[in-house]
Structures are given as C-alpha cells and as structure tokens.
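Please keep the viewer open as you go.

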Amino acid sequence: MERRHFLKTAILGAVAGTVGLKNMKLFALDKAASGKIPQTDAIPDMVAVMGGEPEQLYARAIQEMGGISRYIKPGMKVVVKPNIGWDKTPEFAACTNPILIGAIVRDCLQAGASEVKVFDHTCDQWRGCYENSGIQEAVKQAGGQMAYAHEEKYFREIELPRALRMKKPKIHESLIDCDAWINVPVLKNHGGARMTICMKNYMGIVWDRRYLHSNDLQQCIADAATFEKKPVLNIVDAYRIMTQNGPKGRSLEDVQTPKALFMSSDIVALDTAATQFFNQFREMTIQEASHIVLGEKHKLGTTDLDKLNIKRIRI
Amino acid sequence: MQIYGFFRWARRITALALFSGLLYFFVSISAGAASFWQAILGLQIVPAVLGIASGGLLTVILVFLITLIFGRVYCSWLCPLGIWQDIVYRAGLFVRNKKQRRTRYTKAHDTLRYFILIFVIICVSFGLVVPLLWLDPYGLFGKMATNLGRPLSHLLTGFQYDAWSTAAFVVSAILFIALSVTAFLKGRLYCNTICPAGTLLGLISRYSMFRVKIDAGTCTHCKLCGMTCKSYCIDCNTATIDTSRCVVCLNCLSKCSRGGIRYGFAWKRDRSRTGQPEGSQPDKNRRAFLTAALGAGAGAVLLNRFTEKKRVRISRIMPPGAGTLELLKDTCVACHACVAACPAHIIKPALGEFGWQGFLLPSVSYEHGFCGFDCQKCQEACPTGALRFMPIEEKKRIKMGVVKLSLELCIVEKFGTDCGACDEHCPVKAVEMTPREGTDKVFPKTTPRLCIGCGGCEYICPATPKAIVVIPLSKQRQADAPAIDATIDVKIDSFGF
C-alpha cells in the first residue's frame, strides 16, 4: 500500500513538476550563487568541505552531491538520524550540530518530503539530550518532528541475514517505516569502539545497546550497518570534533573546531576518510576502529579512498 | 450571607486548583510542566517546620500568622490531604439521603490529639522524625499520590514505570483506603484527632482574631448549622463552637438564614463570655492535656530506646544531597516528591535498606537508569531540605557511592572483544579504557577518588553479573576534582585523505 501510495505521489509530482522544479531552482540559486548543480556523471563519490559555518558547509556539499532532490523525492517519509547520545550543549561536540540538523530537515521538506522525523536512542536521560543538544528546538523550527526512542515499544524486531553476531536486533519503527533516511553523526573518539562516526551512529537505531557491547562490539556495529535500508546520504559533522574523553567528553578542552563536513553515500569510505582526518589531531587508524574494516568485509563500501572520486573544497 | 457564599467559592476554587496542581506534580510523567506546581510544596507546614533552617521559617511564620488571624484556613485551603477529605466527604453527600447527611456535635478526643502532638514534638526535637513519616498530612498525601497515582498514570499513558515498589504501593493503598473511609464516614476526624499539624494550629485558632461564633441574640437553636459541620464542632445545645477544630469552611454560615451564626472579629472585651468552648470545663481540658503530655513523654522515651543507635550499614545509595542517613532520617517525611521529580526514575522508596526507621525513605537504584550529571531535580523538589539544594557545580562532585570494578567479569577480559560502555557513560572519567601492554585491546581502569557514584557504569555494564558496580556510601562527601586534560594543540590545513 505504501509503495503504491508513494508511486502515485511521485507521478502526481512529475505531472505538476514544473512548479516544483522552479521552486527547487530558486532555492538552489538562493543558497549557493556560485556554480550550477553538476550533472549525474560529474557527481563525486565523496565531498569534503572545510572552513565555513555549518549551514554553509552543508549547502556547498549537498550542491556538489547533486542537490537534495537527487536523494529525497516529493512525498517521501524521511528520517534524519543525528547523534543525540548525551545531555550536553552543542559546544561540547557530544551531539551533532543542531544548526546542521535544522538545515538538513529544512532542505528535505523543501524537496517535498511529506514528513521528516528525527530521533536517537540516547544514552543519557532522553529529555535532557533532546533539549540541551539544541536539536529538538532546531528540528521543530525547521518543520520536522522529534520521535520518541526511550522505550522498547518504539522498536521492532527485524532480521539481518548478513550479520555475524547480531542477527535479530530491534530497530526503531520510524526507520523501518520511512522511505529514505540520512545518517548525520558527529566526529568523536570513543573509549570502546575507538571512533564513533557513521557506522557507530547505527547504535542509536537499535534498542538493546548492551547486546552490542557484550557480543563483540566492533562486529555488532558492522552487523547493524547491514540493515537493508541504507541511508541515502551519510553526512559527518566535523564542525566541532571531540578528540579525547569521548564519546561523552568532560570539558571544552576535549573539543577542536576544524569547521569541516564530509558527505558520501559510501559509509565505509566516509568513516575511513573521517578517521584519517581525525588522525591529524590524534593518532588513530581504521584497524583500531575495526568495525570500519569489518564493514568493508560486509561489502558495505570501500576503505580504499584512492579508488574514489573525492572532491575537496575549502571555503 | 452573600459574602459567605463568595468566600466559600473562593475556598473551593483555590483548594481545587491547589489540589489538582499538587496531584499533577506528583503523578505527571512529563517533568517539565510539573515544576511550576513545585512552589506549592514550599507552603506545606510540616516540611517547613522540619526545614526551618533551610528556608522554611517564612512559611512557618506565615501559616501561624494566618491561623492567628483567620483560624485554621490552612487546613481547608492549602492542605492537600484536607482537601482530599473534603472532596470525599462532599462526594459522600450525593449518596446520602437528607437524614443521613446530618452531622452531630461530638466531643474532641483531647487526650489522644494532645498525646500525638506532644509525642511528635518531643520526638522531632530529639531528631526522631519517624512518627511524622506516618502522621504528616502532606507526607501522607505525597506517598499516596506517588505510589498509587504514578503507576496509574503510567499505565494509562502506556509508559513503563521504573520506580515501582510493591511494598510502597500496598502501604499507600491501605493508608488511602483508611483515610478515605474515615473522611466519608466521619468528615474531618483525622484532622482533628490524629494530624499533629491540625492539633497545633487548633491551639492557635482557639484564640484567632476572626472566628465563627453563634450570636445568642438571634440564634433560635434550630441546629441547622450543627447538622452541616464536617468537623462536628458546633455544639448547638450550649450554642458554642469548638474553634480548635473549626477549619473555617464556612458551610454552616450559609445554612443559617437568620444570621445567628457569623464569622467575625472576636478579640472583643467580652471574649471571656463567648467563644470559649472549653471555658465551662477548664479542669477537664487541662487534665486531658496533662495526661497526654505524660503519656507522650513516656512514649517518646520508649520509642527512643528502641531506635537504632548503631550506625546502620546501608545497602542502597541515598539521593544526592542527603548527607548522611542520620540527616536524612532527621528531616525527611517520605513525601516522595523526589521520586516524582527524578527524570531518570532511579529514586525509589526504600524497604529495609536503611533500617526500619528508614522504611519508605528515598533510595537510589541503578536498575533502570542512572543519576544525571547536570540534574538536581530531586533537590529542587525537596520541601524539607532533606536533599540539600546546592550549587550545580557542587552537585556534580557529590559522592553518593564509589565504584568497584571486578575485572574478571568484564567483557573485554572474558571474551577479548571491545566494550567500553562504562567509560562511555562516566562523566568524570573515574573509569577509563586504558591500553594494556601486549594486547591491542583497551581495558577499564578505575580512579575511585574521582568517582561520584552516579551509576552510569553500573547501569550500562552489559556483563552478567555486572563487572562494575557502585558501593553505597553512608556519608556523602565531595569527590576529587578531575585534572583537566590539556587541549591538543594542532592546527590543520589539509583533510588528511
């Protein structure tokens, strides 16, 4: 039923397309006056931008990636999944930047998404996380909605046929029911998994965190990422990053502000790139954060960045 | 008569608003909106007396002054348990016929009420609050609202209730039924016999500036007023009113069509002749008081003998700000406002963990959550100051317990796979994943002097049994401040890939 509904909406959208197209063009021009949206064959595998404010970084990167309408079609139910794990304010870099999340939600709605939901299965008490991270406020202002994820009833069991250790996790309902989702982690070091970027961000879609921790954490993270519905985009928020005492952090001394953002559909490549970026601040390899290597074994992407067409931009 | 009607409505509206506000605070599952009603907790007389050192003095003076001027209006305007009894009594009128609705004057149970009051005063002045745990009207209301109302509200909204305690539920249910049945059958019997606050305020209201009194000139002894009194305190035969029991509900006034009973200024010269209910039998009254005082003294001595003199070894953690178990016992009436306010649902009524005197006092359990680093909702809610409100920076260092790691149970040690859940949750890095030579793994390492006992590690530890737990401390203190790591000083201008 849902697919049929979606197709119907899509066709209707195409028929009345002219109006939408105009709007989109106007919007794109508005945001980035320089350059046009590249054509399909010119779209890079990954975009890395540095040296701007969160909204600027996002606008530039998504433009290079072909615009949001390449990924989000009118009528789609969209989920944006940030890291909202901790009851910390934005300057501590424990959660994804709220301004970035707001910009993505607004962009998705402008592209015609029927709804945009945002959630995370938090570690700290959920209300504090949603409020103090600034994400709840940003999402509401952008026109999206926050989804509850603090009780088991919001999660449904699914099968992961390719998984090695975690074969039947409970996944958040909004993710199972959506048409497309965008994975938006923040770049941090992690006491257990060593790094927390895109793949580690999958932990927030699973109900039973303790299961992952007690059944080979690294393998379980890679297993979670085999979830059939892949994010249409992974966006790494490296505007502020946490280089020590992660993932919760203790003080502002743990935070660096490189003002960067990376975007790709290849989750393994993006985690690899982000780890190499992080390595400039503090020594870290993907062999240590081995879930990234295990992700490649699951054929989720490549760790060989040389094979990819990466566009590096400095604003 | 018009003016009395106005006052009655004002009383009903204020009382209902206050009652529903307090009820909302105690049972609401959304902590945000409830905090508005928290201010009402500060008006409750027994918590104010217990917390007289921490800001309760103003309330005590205010309530005593109001009582001295207007009589026991506190009991029918501000006391949640009193209002609940009024609601039950009022609802009872609907199921009674005209004849059954009538009430009749009964004598006050002087010996009993003074016994209880004096007993409580002696006990409290010797730092023994346990009788108040079971007598304070506000504390009783809080216990019932929290342990009956909260599970119910969670059941209705479909959220799970983490602070469930069967014992607290059963005790509260018994109290609730007993009090409601008493109110249904006997009106304000509890308030005028058992409640120590009611008796204390009664001693003042006896001499209040404004009082309800019968005007001997216009009264026709029709007894209508006496039949409508829920305190049973209007003696129509002698045309006197026992103002020590009158809660100034003013119901009687609107019954009298002749103005034979009035609420007015009573500090006139002829005070000795009217409005002195016990005036006719002062000896009897004095005898009751003396008997009660003697009995209460003996009772208090006995209770004191049986209380725990030795330091109780606590097997549960006390909420932040409690200080020591002695301090907690000295000031807490177990109203469970902290249980209701805790967003993590970790505060639960204690069973035997704090000894028998500590039954139902707030205790902390990390089964379903842990103490929020930036949270002090329990301290904000506590009306007695038993959970001392402190600057947030001090709360962040308060040491409720201390970490204990059993490395042999740890996932990394047992299975050789990464975990780090404890390190992840620790806000002060009292447990940190550290590399071990000869392995490529990181293992948890604790620094107990930094630990604040928030329970993040214990809650999240995936090992069974838990490899890392928090041991309760019977004396809370400040944990050492962690040394702040230096910032990594790196300037980058390339992506590194």
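What follows covers the two chains in turn, and then the contact between them.

This is a predicted model, in which local features need pLDDT of at least 70 and side-chain atom pairs count only at pLDDT 80 or more, while totals for chains, interfaces and linings use all residues. Residues are numbered from 1 along each chain as its sequence is written, with chains lettered from A and ligands numbered from 1 in the order in which they are written.

**Chain B**
- The C-alpha trace of chain B spans about 100 × 50 × 40 Å along its principal axes.
- Chain B holds 24 helices and 10 strands; these are DSSP runs, helices being H or I with at least four residues and strands E with at least two, numbered from the N terminus.
- Of the 497 residues in chain B, 46% are buried, meaning that 20 or more other C-beta atoms, placed from the backbone, lie within 10 Å of the residue's own.

**Chain A**
- Chain A has 11 helices and 13 strands.
- Buried residues make up 55% of the 315 residues of chain A.

**Where the chains meet**
- Contact (C-beta atoms, placed from the backbone, within 7 Å) links 37 residues of chain B with 37 residues of chain A.
- On the chain B side, α23 (421-425) and β8 (431-435) each give two or more residues.

Key: Buried ≥ 20, exposed ≤ 12 C-beta atoms within 10 Å, placed from the backbone. Contact = placed C-beta atoms within 7 Å.
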